[in-house]
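Colleague: I'm new to this one. Can you walk me through a few spots?
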Amino acid sequence: MASKAPRHNIDESKLTVTKPKTKAVGIPAVANALKISFEQMGAVRSVQTLMAVNQLDGFDCMGCAWPEHEKRNAAEFCENGAKAVAEEATRRRVTPEFFAAHSVADLKTRDDYWLGQQGRLTHPMFLDEGATHYVPIDWDEAYELMAGELRGLASPDEAVFYTSGRTSNEAAFVYQLLVRGIGTNNLPDCSNMCHESSGSALVQTIGIGKGSVSLTDLETASLIFVAGQNPGTNHPRMLSALEKAKKNGAIIVSINPLPEAGLLHFENPQNVSGMLVGTELTDDFLQIRAGGDQALFQGLGKYLLEAETAGRSTPGLDTVLDHAFITNHTVGVDDYLRHLEKVEWDDIVEASGLTLEQIHATGERLLASNATIVCWAMGLTQHKHSVPTLRDVVNVLLLQGNIGKPGAGVCPVRGHSNVQGDRTMGIFEKMPSTFHDRLDHEFEFLSPREHGYDTVAAIRAMRDGKVRFFMGMGGNFVRAAPDSLVTEDALANTALTVQISTKLNHSHLSTGRRALILPTLGRTEKDAQASGDQRVTVEDSMSAVHASRGRLKPASEHLHSEVAIVCNLAHKLFTDAEGRPLPNTPRASWISLRDDYSLVRKHIQAVIDGFEDFEERIAHPGGFVLPHPPRDARAFDTPTGKALFTGNELEYIKIPPGRLALQTLRSHDQYNTTIYGKDDRYRGIHGGRRVVLVSKADIDELGFTDGQMVHLISEFQGVERLAENFRIVAYSTPKGCAAAYYPETNVLVPLDSVADTSGTPTSKSVIIRMEAA
């Protein structure tokens with residue numbers, strides 16, 4: 001029998017701190033995964049469900065976008081994947097009676113952990129203007145309410161349609177078609193807040209915004225950089241791939257402001273030796289200043305240039321630089337090398353926070369490697385200078401020809417399980433004209449071409465009264481977005497907010513004048529439509545597309561799938577009383593698409609390259625891999641047809657006296673904004689979340705003490721933002737840097753502080769001061 005949901009918020013007064021761990025996974029991870037699974041699902045349901053996770057005939061884990069080999073383990077999931085599955089397959093329920101017992105004002109006093117632990121939503125719910133409680137609403141009434149609001153807009157651009165990366169390819173495709181049929185490109189998504197900088201840099205330099213490596217590449221690389229990433233918490237299954245790489249002779253260099261247990265020592269629960277002995281993963285740990293990664297990679301480029309000038313060589317070449325690759329496949333190298341010559345080593349050392357000896361030793365690692373991969377996550381993407389940083393990552397790889405050869409390339413590690421697939425399907429506010437042309441041809445309408453709002457622009461537009469309608473397909477927009485109070489006020493400016501969700505969260509409580517909660521099927525559940533049980537597809541971080549099919553009985557008979565919700569709304573908006581398409585709308589049989597997802601896939605096949613024979617190819621176990629020209633043929637879809645070297649001015653965070661550069665991050669008991677538990681055991685934080693990790697040197701210099709309670713105040717363009725009551729924890733982090741968990745600290749991230757080019761919020765470089773509480 002599953003346990004009951006907690007009755008109270010996290011009691012931060014019970015928080016305790018112990019010494020951080022130096023190893024990850026092993027027996028504690030297995031025990032914790034089973035504990036949470038049994039609490040949420042019960043023993044029998046846990047075994048049945050977990051054995052289907054990431055299996056060829058099962059469902060894709062919603063916990064991350066890490067790929068799988070075609071040959072799978074019997075238990076193809078990690079601790080945090082088990083938590084994600086347990087949260088969705090829980091036996092706990094949030095019914096109309098729950099909403100009758102809890103006003104919106106009451107629910108606003110509850111923390112993210114409490115809300116998420118209450119269970120699955122079971123009925124569509126409506127909050128009327130001026131009402132204190134949500135009440136049940138029929139699905140037909142809900143669809144008519146949305147359609148009526150959308151018909152009444154003065155302009156289609158008064159509507160915003162947000163998407164979470166857990167949405168399937170099929171749901172994402174019909175969603176973007178609905179939105180473009182309405183007449184707008186306002187399609188912000190979670191990518192805008194995480195890997196948008198990756199896409200911006202990669203499209204400019206190699207012509208495609210996706211990683212270029214496979215699992216086999218990672219496992220056979222000579223040198224692997226893991227930069228700004230914590231796989232032990234965020235992508236634990238990546239540790240198995242790093243373990244294989246290590247056993248094949250790879251050198252692993254970890255680059256991060258914090259030492260992370262998962263990159264130090266990995267105890268693989270899949271085998272006896274892994275559990276008993278484990279594997280030391282990291283050869284070199286570079287404890288870089290927050291935002292200092294660009295300086296490091298410029299330093300590495302400069303070191304390679306100096307080694308070339310000195311007449312040195314690398315494996316397989318008589319030189320350091322791969323001149324044949326550079327000549328045949330790149331442009332801009334001369335300007336880049338001239339820039340490196342001008343950069344001073346003293347500036348590189350100051351900006352990175354590393355010693356010259358560390359950078360030179362890392363340069364020697366590059367010289368000894370014949371195949372190098374750079375992996376990264378949000379530690380590199382959420383700074384003002386993130387796009388130049390990632391361009392400099394690409395520069396270093398291009399110098400040695402490490403794009404488009406085995407064991408080498410770029411590896412941005414995505415979070416949500418289909419965030420990359422959503423973008424492939426057209427969830428983007430500025431899709432290229434070729435996509436619009438093919439969409440228009442397939443559906444015989446004219447899609448809007450003017451670029452829409454990304455996430456930050458959407459919040460600004462709502463803040464400024466330019467948006468009346470907001471719909472969120474999954475996710476927890478208000479807690480994922482920056483500048484929490486501004487975001488809440490922005491949503492309050494709208495006439496209607498609609499949240500398509502499986503679980504209760506704070507986005508249901510920060511509403512427009514009226515609000516709908518539409519409960520949807522989860523990834524674990526059987527999706528039965530008129531033509532029979534349906535399967536959906538997802539794309540992982542390495543461009544592999546495969547099928548996912550849930551097996552569990554839905555949490556409620558009142559749930560609609562995401563595809564059904566979109567198609568039912570589109571049918572109301574785009575057809576007349578006889579079911580005929582209205583003029584200037586997509587000519588799609590929406591009810592047929594709702595009833596049979598294979599018809600959605602036929603349209604995807606017609607519109608998007610790489611999906612030829614879609615239905616047949618997902619019938620193959622493991623699915624198929626989408627084309628990637630740089631990987632497949634060293635072909636680059638850039639204006640010159642070649643990869644682009646770029647010269648980038650060196651930037652880094654300037655920290656004023658008495659201030660710190662704060663990075664927001666996850667705890668181990670967390671997936672994005674979903675809080676699974678109260679602990680971050682790898683970092684030694686137990687029973688609470690309101691902590692700020694600061695170096696002992698900074699604590700002393702700023703006049704505080706370890707364990708003292710403080711308020712955090714961010715400073716940006718003369719405006720201050722406050723997050724109250726955080727406990728200082730002395731921690732190994734570079735001087736001048738601090739770290740704290742989101743979403744609690746999202747209130748400190750200024751809406752107008754974004755990465756150049758990509759517009760990603762700068763959540764890893766927030767200037768703060770501490771004041772005694």
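**Helix α17 and beyond**

Colleague: Which residues are buried in helix α17 (residues 333-342)?
Modeller: V333, Y336, L337, H339 and L340 are buried there. Buried means under 20% relative accessible area, exposed over 50%, and partly exposed in between, with a 1.4 Å probe and protein chains only. Helices are DSSP runs of H or I, at least four residues, and strands are runs of E, at least two, numbered from the N terminus.

Colleague: Where do they sit around the axis?
Modeller: They cover an arc of only 155°, so they lie on the same side of α17. The arc is taken from the directions from the helix axis to the C-beta atoms. On the other side, E341 and K342 are exposed.

Colleague: What do the buried ones pack against?
Modeller: α15 (293-309), α16 (323-329), β13 (330-331) and α21 (386-399). Contact means heavy atoms within 4.5 Å.

Colleague: What sort of model is this?
Modeller: It is a predicted model, where local features need pLDDT of at least 70 and side-chain atom pairs count only at pLDDT 80 or more, while totals for chains, interfaces and linings use all residues. Residues are numbered from 1 along each chain as its sequence is written, and side-chain values use heavy atoms, leaving out hydrogens and water.

Colleague: New topic. Is Q663 buried or exposed?
Modeller: Q663 is buried, with a relative accessible area of 8%. Its place is in strand β25 (residues 660-665).

Colleague: Which residues does Q663 touch?
Modeller: Not counting residues up to four places away in sequence, Q663 touches P257, L258, A738, A739, A740, S763 and K764.
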